[in-house]
Amino acid sequence: MITKPPPSIPNKTLGFIINPIAGMGGTVGLKGTDGQQTLKQALALGAAPIATKRAQTFLTELLSARPHLKLIVGAANMGETEAKKLGYTYKVIGETKPKTTPKDTQSIAKAVAEAGVDLLVYCGGDGTTRDIQKAIGMTLPVLGVPTGVKMHSALFATSPQAAARVVIEYLWNGLPLQEAEVMDIDEQAFRENHLSAKLYGYMLSPFEPHLIQGNKMESPITENEVENQAAIALYILEEMQPGVLYIVGPGTTTRTVADLMDQKKTLLGVDLFLDKQIIAQDVSEKQILIHINTKPTKIIVTPIGGQGFIFGRGNQQISPKVIRQVGINNIFVIATKSKLAKFKHLRVDTGDPELDETFRQSGIRVIVDYKITQHMPIE
């Protein structure tokens, strides 16, 4: 359903920038696409652009406001192409280039701010967020459409559809502003299984806690937490069936499952288990699809702390195609009691609206302790 603005509204100006390479490293297991070398590697592994598709979803959801909007967009695939396809009134900033760089994002963001807009919306991940922050600081409100791999910053809507709703609420109904954290991690350290997050600053962003994710939070390391993780892991081990392939997502709780099997799981990657042995580490979507074509399969994931996403953040290798083939009924979500207590609902943002809606209609069963489960709604 397309979001609608109020019936009688004034015209507004929206800045709109797409980072066309954002998110390309996700399905191929690269955990980001920062730097030209990483982009080359992603392309060599068969990565496909996703930012454009999610930008289209955002602009489509915003169509009812189109008569009252003027867009200030980046040239060509940095915003112009999608605005033109969907019939928006727009002005172009920058020049058409075969390859874009962080400097292009920064210069366009600065020019958009100088042109005078009511809100700047960008499609990207944490790297793009840093580029925007470097260019404009706290000079105008900003909102992120999530299209990256690692989205630790607190400026992202929960989905492209949610971003459109925030835009309409902010521009015409009035939402308060907050100083939102700009976070990023060291991608190279991330690929080597070390999480090193850093606060780079703040930007102004509309505040709508149901539609905008918070920044990622690490799980506490307490005696009770460790015992709870071990109890969950023991139950999962007892439930594991011989001859069944298990796709195990990132996280400390999922890693505990591997620890009890005396297997060294990657903390931040997606690994494959068969008969309680790791058969492939840090796999891509393509590798997963090859394996699940020949074996019955189940998926084990844990929600991201502070955000509540079970799919669509940091585990894009477990793609809609993978989830559909495995089946929603074959998904184990595991989370400690203290972690789950912080959420009223969990979230999905797979990039497949129909699949996301299926999750919302069914909710999900979460294992919270030994033989103890809790049903959680999905937002």
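Which elements cover the buried residues of α2? In this predicted model, the cover includes the strands β1 (12-18), β2 (69-74), β4 (119-124) and β5 (142-146), together with the helices α3 (80-85) and α6 (160-173). The report begins with this helix and then turns to the sheets, the cores and some individual residues.

## Helix α2 and its buried side

Helix α2 spans residues 51-61, and its buried residues are A51, R54, A55, F58, L59 and E61. These residues lie on the same side of α2, because they cover an arc of only 160 degrees around the axis.

The helix lies across β1, β2, β4 and β5, and its direction is at about 165 degrees to that of β1. Each of these four strands is also among the elements that cover the buried residues of α2.

## The five-stranded sheet

An open sheet is built from five strands in the order β3-β2-β1-β4-β5, and the pairing is parallel. Its edges are formed by β3 (89-93) and β5, each of which pairs on one side only. From one strand to the next, the twist averages 25 degrees.

The parallel strands β2 and β3 are joined by five bridges. Within this region, K70 stands opposite T89 of β3. A further helix, α4 (residues 102-115), lies across β1, β2, β3 and β4 and runs at about 175 degrees to β1. In general, strands of a sheet pair through backbone hydrogen bonds, in either a parallel or an antiparallel manner.

## The seven-stranded sheet

Another open sheet contains seven strands, in the order β10-β9-β8-β11-β13-β15-β16, with mixed pairing. The edge positions belong to β10 (277-280) and β16 (372-376); each has a single partner strand, so one side of each is left without a neighbour in the sheet. Neighbouring strands here are turned by 35 degrees against each other on average, direction ignored.

Both senses of pairing can be illustrated within this sheet. Strand β8 (residues 245-248) runs parallel to strand β11 (residues 297-301), and four bridges join them; V248 has I300 of β11 as its bridge partner. By contrast, β9 and β10 pair in the antiparallel sense over three bridges, and L274 has Q277 of β10 as its bridge partner. These two strands, β9 and β10, form a hairpin with two residues between them, and D275 in the turn has a positive phi of about 55 degrees. Helix α10 (residues 285-292) lies across β8, β9 (271-274), β10 and β11, at about 160 degrees to β8.

In soluble globular proteins, nonpolar side chains tend to be buried together. In this model, the largest nonpolar core has 33 residues, of which L14, F16, F58, L62, V121 and V167 touch the most other members. At least two residues of this core come from each of β1, α2, β2, β4, β5 and α6. The largest share, nine residues, is supplied by α6.

Apart from this core lies another, of 32 residues, including L245, V270, V301 and L340.

## F58 and its aromatic partner

How do the surroundings of F58 look beyond its neighbours within four places in sequence? The residues in contact with F58 are then L14, F16, V121, V145, P160, A163, A164 and V167. Both F58 and F16 are buried.

The count of aromatic pairs comes to four. One of them is formed by F16 and F58, which are stacked, with 5.7 Å from centre to centre and 20 degrees between the planes. Since F16 belongs to strand β1 and F58 to helix α2, the pair ties together parts that are 42 residues apart in sequence.

## Q325 in helix α11

Residue Q325 is located in helix α11 (residues 320-326). Is Q325 buried, partly exposed or exposed? Its relative accessible area is 39%, so Q325 is partly exposed.

When residues up to four places away in sequence are not counted, Q325 touches L289, I292 and N293.

Conventions. Residues numbered from 1 in each chain as written. Predicted model: local features only at pLDDT ≥ 70, side-chain atom pairs only at ≥ 80, totals over all residues. Heavy atoms only, no water. Buried < 20%, exposed > 50% of the residue type's maximum accessible area, 1.4 Å probe, protein only. Arc of directions from axis to C-beta. Contact = heavy atoms within 4.5 Å. Pairing = 2+ DSSP bridges. Axes fitted to C-alpha atoms, helices over the stretch in contact; angles between N-to-C directions. Core = buried A, V, L, I, M, F, W, Y, C linked by side-chain atoms within 4.5 Å. Phe/Tyr/Trp six-rings, centres within 6.5 Å; stacked < 30°, edge-to-face > 60°.
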